[in-house]
Amino acid sequence: MAHPRIIGIIAGSGVYPETFIAAAREKSPGVKLVVAAFQNETKSGLVDLADASEWFRVAQLGKMIKFFKREGVTEAVMMGQISPKNLFDLRPDLRVLMILARVKERNAETLFGAIADELGKDGITVLNATTFLEDNLPGPGHVCGPAFKKRQLTDAEFGFRIAKQTSALDIGQSVVVRHGTILAVEAFEGTNNCIKRGGELGHGKNVMLVKVSKPNQDFRFDVPVIGPQTIETCAAAGVTGITIEAGKTLLLEKEKVADLCNRHGIGIHAVA
């Protein structure tokens with residue numbers, strides 16, 4: 001008899017982890033899902049969807065790995081966000097202290113890559129964060145909401161080019177653009193705050209969000225995501241168009257996103 005697949009979910013905030021759980025149950029019947037939840041981050045109801053779960057402080061890596069090994073985890077995924085305030089309020093355990101000592105440039109790729117290496121030392125392979133979610137990666141062209149007009153397509157191409165450059169420099173993966181002018185560039189504050197700032201500077205009119213993957217994106221972590229919260233934030237900021245990278249941006253709760261886009265008059269367009 002084949003052993004069941006046992007996957008650990010390192011779960012930050014938002015709907016990403018629960019979307020993964022639903023897809024995993026559908027596409028891999030019999031899979032055992034083990035959730036590592038984080039205080040003040042992970043949605044409390046997520047643990048009810050798991051076969052096993054435990055709560056941790058951010059940066060309790062050693063304790064989390066012991067929990068995974070106890071549950072028989074051989075694969076893991078990292079998904080959801082950890083708020084910047086918690087990243088600056090770390091009480092790191094020994095394994096995290098060792099990571100911080102050897103990582104000189106502290107960005108998502110280096111830090112999460114080092115965590116993946118630590119998991120690997122204990123026989124746990126970190127999977128792409130798009131595993132089971134291939135149906136949530138839109139192809140090129142119109143995705144939902146109103147189709148882009150000519151001016152928006154021009155801004156989409158311009159913003160896409162700039163966002164690719166800023167992401168290559170590890171500054172951020174999103175920009176806000178209006179009529180050929182970059183209003184805001186995402187940095188450590190995250191996408192939602194970038195949207196709000198860009199909306200204010202654009203006076204909430206004809207503003208576009210552009211979100212891309214990094215060149216040579218490591219799809220084990222920090223994958224570009226658009227979800228209902230993104231659409232609500234865009235609507236409040238006066239954003240009328242969202243440009244994403246085709247095949248490399250996750251659309252979470254697709255039906256809800258489409259409904260919100262239609263309701264608020266926000267178009268989503270994917271660029272190859």
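Predicted model: local features only at pLDDT ≥ 70, side-chain atom pairs only at ≥ 80, totals over all residues.
- Lys-69 and Asp-122 join their side chains in a salt bridge, with 3.2 Å from N to O.
- Lys-69 belongs to helix α2 (residues 61–70), while Asp-122 sits in the loop between α5 (108–121) and β5 (125–126), so this pair ties together parts that lie 53 residues apart in sequence.
- Lys-69 has a relative accessibility of 46% and therefore counts as partly exposed.
- Asp-122 is also partly exposed, because its relative accessible area is 22%, and the cut-off for buried is under 20%.

**A salt bridge from helix to strand**

- The side chains of Lys-164 and Glu-245 form a salt bridge at 2.9 Å, N to O.
- Here the partners come from helix α6 (residues 150–168), which holds Lys-164, and strand β11 (residues 239–245), which holds Glu-245, so the contact ties together parts that are 81 residues apart in sequence.
- Are Lys-164 and Glu-245 buried or exposed? Both residues of this pair are buried.

- Arg-263 and Asp-259 meet through their side chains in a salt bridge of 2.5 Å, N to O.
- Both residues of this pair, Arg-263 and Asp-259, lie in helix α9 (residues 254–264), where they are four residues apart, about one turn of the helix.
- Arg-263 is exposed because its relative accessible area is 57%, whereas Asp-259, at 40%, is partly exposed.
- Elsewhere, salt bridges with shared partners join Lys-69, Arg-95, Arg-102, Glu-118, Lys-121 and Asp-122 into one network.

**Strand β13 and its neighbours**

- Why is strand β13 (residues 267–271) described as largely enclosed by the rest of the structure? Four of its five residues are buried, so the rest of the structure largely encloses the strand.
- Strand β6 (residues 141–144) runs antiparallel to β13, and three bridges join the two.
- Within that pairing, Cys-144 has Ile-268 of β13 as its bridge partner.
- Strand β11 runs parallel to β13, with five bridges joining them.
- In this second pairing, the bridge partner of Ile-244 in β13 is Ala-270.

- Most residues other than glycine have a negative phi, which makes the next two worth a look.
- His-203 is not a glycine, yet has a positive phi of about 55°.
- You will find His-203 in the loop between α7 (191–201) and β9 (207–211).
- His-203 counts as exposed because its relative accessibility is 73%.
- Asp-222 is not a glycine either, and has a positive phi of about 60°.
- The location of Asp-222 is the loop between β9 and β10 (225–226).
- With a relative accessibility of 33%, Asp-222 counts as partly exposed.

How values were computed:
Residues numbered from 1 in each chain as written. Heavy atoms only, no water. Buried < 20%, exposed > 50% of the residue type's maximum accessible area, 1.4 Å probe, protein only. Salt bridge = Lys/Arg side-chain N within 4 Å of Asp/Glu carboxyl O. Pairing = 2+ DSSP bridges.
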